Amino acid sequence: SEDFALLSLEESIGSPLALAKMENPEKFKLTPVYAAGFPGIVIESDKKFIDLMGGDGSSIPDMVITNGTISSSQKYLETISAFIHSAQISPGNSGGPLVNECGQVLGINTFNVHDEDDSRNFSITSSEILKYLKELNLDPNVAAGECK
């Protein structure tokens, strides 16, 4: 089953990123990507994060961004379309976007698997996000075209 959360904001903050159209996730293999988020293990010593945790709602910590490449597209648990990529995600990055060079959201960073020889980072594809939003009768911001 999906593991999504939908947030409603009282006021607009910035511009929402567009979701990439994705009829065939396999064609995104070797696409350069960027994983963004606020992993606690990285930002725990950031002064702005400490201020935010102390109650200063106007303090925004520095976002952590890593880069990599999509290695594979596969069905996770045989049903969920997912990317395996090399952009490092750390605990706390879950739920952050995986974007292409045009800033289009290709997926949501979900988890990583480490062993002695390798690290695999997983993201649920934007096609799964779009399916979820349409089930809720929401009109998502979808990119007009492909990233070039």
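This tour goes through a predicted model stop by stop, saying what to select and what is found there.

The model is predicted, and local features are described only where pLDDT is at least 70, side-chain atom pairs only at pLDDT 80 or more, whereas totals for chains, interfaces and linings use all residues. Residues are numbered from 1 along each chain as its sequence is written, and side-chain values use heavy atoms, with hydrogens and water left out.

**Confidence**

Begin by colouring the chain by pLDDT, the predictor's confidence in each residue, from 0 to 100. The chain averages 86, and 95% of the residues score at least 70. Helices (H or I, at least four residues) and strands (E, at least two) are DSSP runs, numbered from the N terminus. Among these elements, the lowest mean pLDDT, 78, belongs to helix α1 (residues 40-43), and the highest, 94, to strand β4 (residues 97-99).

**A nonpolar patch**

Next select Phe38, Ile60, Met63 and Ile65, which make a nonpolar surface patch of about 390 Å². Patches are made of residues with over 30% relative accessible area and no salt bridge, like charges being joined within 9 Å and nonpolar side chains (Val, Leu, Ile, Met, Phe, Trp, Tyr) within 5 Å; accessible areas come from the Shrake-Rupley method with a 1.4 Å probe, and for residues only the protein chains shown count as cover.

**Asn121**

Move to Asn121 in strand β6 (residues 119-125), a residue that is buried, with a relative accessible area of 2%. A polar atom of the Asn121 side chain lies 3.4 Å from the backbone oxygen of Ala87. Showing the residues around Asn121 brings up its contacts (heavy atoms within 4.5 Å): leaving aside residues up to four places away in sequence, Asn121 touches Phe83, Ile84, His85, Ser86, Ala87, Gln88, Ile89, Phe111 and Asn112.

**Salt bridges**

Side chains of opposite charge can pair when their charged atoms come close. A salt bridge is a side-chain nitrogen of Lys or Arg within 4 Å of a carboxyl oxygen of Asp or Glu, and by this rule the count comes to three.

Select Glu146 and Lys27, whose side chains meet in a salt bridge at 2.9 Å, N to O. Glu146 lies in the segment after α3 (126-135) and Lys27 in the segment before β1 (32-37), so the pair ties together parts that are 119 residues apart in sequence. Glu146 is exposed at 57% relative accessible area, while Lys27 is partly exposed at 46%.

Go on to Lys47 and Asp51, whose side chains meet in a salt bridge at 3.0 Å, N to O; both lie in helix α2 (residues 47-53), four residues apart, about one turn of the helix. Lys47 is exposed, with a relative accessible area of 58%, and Asp51 is partly exposed at 24%.

**Helix α3**

Glu128 is buried, with a relative accessible area of 6%, whereas Lys131 is partly exposed at 40%. Highlighting the buried residues of α3 shows Ser126, Glu128, Ile129, Leu130, Tyr132 and Leu133. Finish just after α3, at Asn137, which takes a positive phi of about 60 degrees.

Definitions and conventions: Buried means under 20% relative accessible area, exposed over 50%, partly exposed in between (1.4 Å probe, protein chains only). A polar contact is a pair of N or O atoms within 3.5 Å; within protein, one must be able to donate a hydrogen and the other to accept it, and residues adjacent in sequence count only if both atoms are side-chain atoms.
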